[in-house]
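The points after the structure are grouped by topic.

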Amino acid sequence: MQTLQHKASEWSGVRTSDAFAIDGSNLFDKLGLQPFVNLSTNFYNRVYDDEEEWFRSIFANSKKEDAIQNQYEFLAQRMGGPPLYSQRRGHPALIARHRPFPVTHEAAERWLHHMQQAMASTIEIDEESKIKMMNFLRHTAYFLVAGDELKNQNQERPCSHGATVQHPCKNF
Ligand code: HEM
């Protein structure tokens, strides 16, 4: 069986080694916190203003300010910074936290479109760091798509009586 990482690489077109090049240098030490705040603010301003209602509605139950803070704390932590996200929210467990949302291929492309635009308008981040971060984000977006497909398969697995039952997967 193909692992989620394999699927993420295949669908995103990003090799695992490129996705995790962020671990080869400490981007937080290089950039500091503010560029992550600016990136997440630029990103969610676009998401909450998206003309595509189907995508905007995925975020309808979250407050924009909270979503921005969740994201910049996670990104700063993942790029080598202090564990701001985990101290406040616990383990990132990204697949589990995205379970309520339809993370389809289309949603990943729309998410990445906004992230690419947000990245382009965040002048505090240098070009080399942008490339590393986008490779990680693109790979992770498709990792979440792979997790979402697994969730859907598990929900529709027939039980021994032939009926379709819920099999919530707690592993991710
Ligand atoms: C692929 C398309 C994606 C969709 C549709 C999506 C959707 C969402 C939604 C609706 C939320 C709730 C907003 C909030 O309350 O914080 C969320 C939260 C979050 N997302 Fe995503 N996301 C996607 C990709 C990603 C990627 C690629 C990452 C990281 C690299 C990511 C990291 C996070 C984090 C850290 C949270 C906060 C979780 C929490 O603390 O509850 N997401 N996402």
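**Helix H6 and the glycine after it**

The 15 residues of H6 should span 21 Å at 1.5 Å a residue, and this agrees with its end C-alpha atoms, which are 21 Å apart. The model described here is predicted. The chain has 10 helices and 0 strands, and from the N terminus on its elements run α-α-α-α-α-α-α-α-α-α.

- The buried residues of H6 are Ile 68, Tyr 72, Glu 73, Leu 75 and Ala 76. These residues are on the same side of H6, because they cover an arc of only 165° around the axis.
- Helix H3 (27-31), H4 and H7 are the elements against which the buried residues of H6 pack.
- H6 is followed by Gly 80, which has a positive phi, near 105°. Gly 80 is found in the loop between H6 and H7.
- Gly 80 has 15 other C-beta atoms within 10 Å and is therefore partly exposed.
- Apart from its neighbours within four places in sequence, Gly 80 is in contact with Asn 26, Leu 27, Phe 28 and Asp 29. Of this group, Asp 29 is 51 residues from Gly 80 in sequence, yet the two are 7.2 Å apart in space, C-alpha to C-alpha.

**Helix H9**

- Helix H9 covers residues 105-120 and has 16 residues. From its first C-alpha to its last, H9 reaches 22 Å, close to the 22 Å expected at 1.5 Å a residue.
- Ala 108, Trp 111 and Met 115 are the buried residues of H9. Seen down the axis of H9, its buried residues fall within an arc of 65°, so they line one face of the helix.
- An α-helix has 3.6 residues a turn, so residues three or four places apart point the same way.
- Helix H4 (34-48) and helix H10 (127-155) are the partners against which the buried residues of H9 pack.
- His 113 is also found in helix H9. His 113 counts as partly exposed because it has 14 C-beta neighbours inside 10 Å.
- Phe 43 and His 113 are 70 residues apart in sequence, while their C-alpha atoms are 9.6 Å apart in space.

**The surroundings of the ligand**

- There are 22 residues around the ligand, and those that come nearest are Ser 62, Asn 70, Phe 74, Trp 111 and Ala 141. Helix H6 (64-78), helix H8 (94-97), H9 and H10 are the elements that give two or more residues to this shell.
- H6 gives the most to the shell around the ligand, with 5 residues.
- By class, 14 residues of the shell around the ligand are nonpolar, 5 are polar and 3 are charged.
- Trp 111 takes part in two of these descriptions: it is one of the buried residues of H9, and it is among the residues that come nearest to the ligand.

**Helix H1**

- In helix H1, which covers residues 4-12, Ala 8, Ser 9 and Ser 12 are buried. Their arc around the axis is only 95°, which puts these residues on the same side of H1.
- His 6 and Glu 10 are exposed on the other side of H1.
- The cover over the buried residues of H1 includes helix H2 (16-19) and H10.
- After H1 comes Gly 13, with a positive phi near 75°.

**A loop residue with positive phi**

- Ala 93 is found in the loop between helix H7 (84-89) and H8.
- The phi of Ala 93 is near 35°, which is a positive value in a residue other than glycine.
- Ala 93 counts as exposed because it has 11 C-beta neighbours inside 10 Å.

**The chain as a whole, and confidence**

- The chain has 172 residues, of which 25% count as buried.
- Among contacts between residues at least 6 apart in sequence, 73% join residues at least 24 apart.
- The average pLDDT of the chain is 91, and 90% of the residues score at least 70. Over residues 159-172, however, the pLDDT is below 50, and this stretch has 14 contacts in the model beyond near neighbours in sequence.

Key:
Residues numbered from 1 in each chain as written. Predicted model: local features only at pLDDT ≥ 70, side-chain atom pairs only at ≥ 80, totals over all residues. Helix = DSSP H or I, 4+ residues; strand = E, 2+ residues; numbered from the N terminus. Expected span 1.5 Å × (residues − 1). Buried ≥ 20, exposed ≤ 12 C-beta atoms within 10 Å, placed from the backbone. Arc of directions from axis to C-beta. Contact = placed C-beta atoms within 7 Å. Near = placed C-beta within 6 Å. Nonpolar A, V, L, I, M, F, W, Y, C, P; charged D, E, K, R; others polar. pLDDT = per-residue confidence, 0-100.
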